[in-house]
Amino acid sequence: MPTLEASGTQTATIGTEHALATIATAKTLVLLVDAVNMVNADELELRVKTKILSGGVTRVAYKASYKHAQPADDLIKISIPIPSDQEAVFTLKQVAGTGRAFPWKVMSL
């Protein structure tokens with residue numbers, strides 16, 4: 001059964017990678033972001049980063065980019081499941097347009 005790990009609303013500052021949550025327990029996790037506020041000329045990047053070994057470097061395991069207003073039947077963006085036994089870092093970066101508010105949550109599976 002999915003469990004809520006963290007949630008909130010991030011108002012993006014253009015060009016800034018915002019850390020949404022860091023989960024440091026062994027779990028399989030997904031990031032969900034509502035892109036309802038995007039309009040044409042907006043561009044959004046979502047990332048999930050993790051470590052392979054304890055003491056290792058946190059690196060990107062998943063990245064997705066979205067441009068312009070999103071279709072009404074595809075507003076919720078969901079990452080692939082990311083298994084992590086070290087840590088998982090979830091980020092949001094709006095790289096173009098006007099800074100928008102993005103509701104988000106991280107769930108464990």
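Guide: Two strands count as paired if DSSP finds at least two bridges between them. The model discussed here is predicted.

Visitor: Which residue in E6 stands opposite Val-33?
Guide: E3 and strand E6, residues 76-78, run antiparallel and are joined by three bridges. Two bridges are enough for a pair, so E3 and E6 qualify with three. Within E6, the residue opposite Val-33 is Lys-77.

Visitor: Which residue of E7 is the bridge partner of Leu-29?
Guide: E3 also has three bridges to strand E7, residues 82-84, and these two strands run antiparallel. The partner of Leu-29 in E7 is Ile-82.

Visitor: How many bridges pair E3 with E9?
Guide: Val-30 has Met-107 of E9 opposite. The pairing of E3 and E9 is antiparallel, and its number of bridges is five.

Visitor: Which strands stand at the edges of the open sheet?
Guide: The sheet has four strands, in the order E2-E8-E4-E5, with antiparallel pairing. An edge strand has a single partner, so one of its sides is left without a neighbour in the sheet; this holds for E2 and E5.

Visitor: Which residues touch the most other members of the largest nonpolar core?
Guide: Nonpolar side chains tend to be buried together in soluble globular proteins. Here the largest such core has 23 residues. At least two residues come from each of E2, E3, E4, E5, E8 and E9. The members that touch the most others are Leu-31, Phe-90, Leu-92 and Val-106.

Visitor: Is Asp-42 buried or exposed?
Guide: Asp-42 lies in the loop between E3 and E4. Beyond four places in sequence, its contacts include Tyr-66, His-68, Gln-94 and Ala-96. The cut-off for burial is under 20% relative accessible area. Asp-42 has 2%, so the residue is buried.

Visitor: Which side chain makes a polar contact with the side chain of Asp-42?
Guide: The Asp-42 side chain also reaches a backbone nitrogen, that of Thr-98, at 3.2 Å. The side-chain to side-chain contact is at 2.7 Å, and the partner is Arg-100.

Visitor: What separation do the C-alpha atoms of Arg-100 and Met-38 have?
Guide: Arg-100 is in the loop between E8 and E9. Among its contacts beyond four places in sequence are Asn-37, Val-39 and Asp-42. Arg-100 and Met-38 are 62 residues apart along the chain, and their C-alpha atoms are separated by 6.9 Å.

Visitor: What is phi of Ala-41 near?
Guide: Ala-41 is in the loop between E3 and E4. Its relative accessible area is 48%, so Ala-41 is partly exposed. Phi is positive, in a residue other than glycine, and is near 90 degrees.

Visitor: What is phi of His-68 near?
Guide: His-68 is in the loop between E5 and E6. With a relative accessible area of 39%, His-68 is partly exposed. Its phi is positive although the residue is not glycine, with a value near 70 degrees.

Technical notes:
Residues are numbered from 1 along each chain as its sequence is written. This is a predicted model: local features need pLDDT of at least 70, side-chain atom pairs count only at pLDDT 80 or more; totals for chains, interfaces and linings use all residues. Side-chain values use heavy atoms; hydrogens and water are left out. A nonpolar core is a set of buried Ala, Val, Leu, Ile, Met, Phe, Trp, Tyr and Cys residues joined through side-chain atoms within 4.5 Å. Buried means under 20% relative accessible area, exposed over 50%, partly exposed in between (1.4 Å probe, protein chains only). Contact means heavy atoms within 4.5 Å. A polar contact is a pair of N or O atoms within 3.5 Å; within protein, one must be able to donate a hydrogen and the other to accept it, and residues adjacent in sequence count only if both atoms are side-chain atoms.
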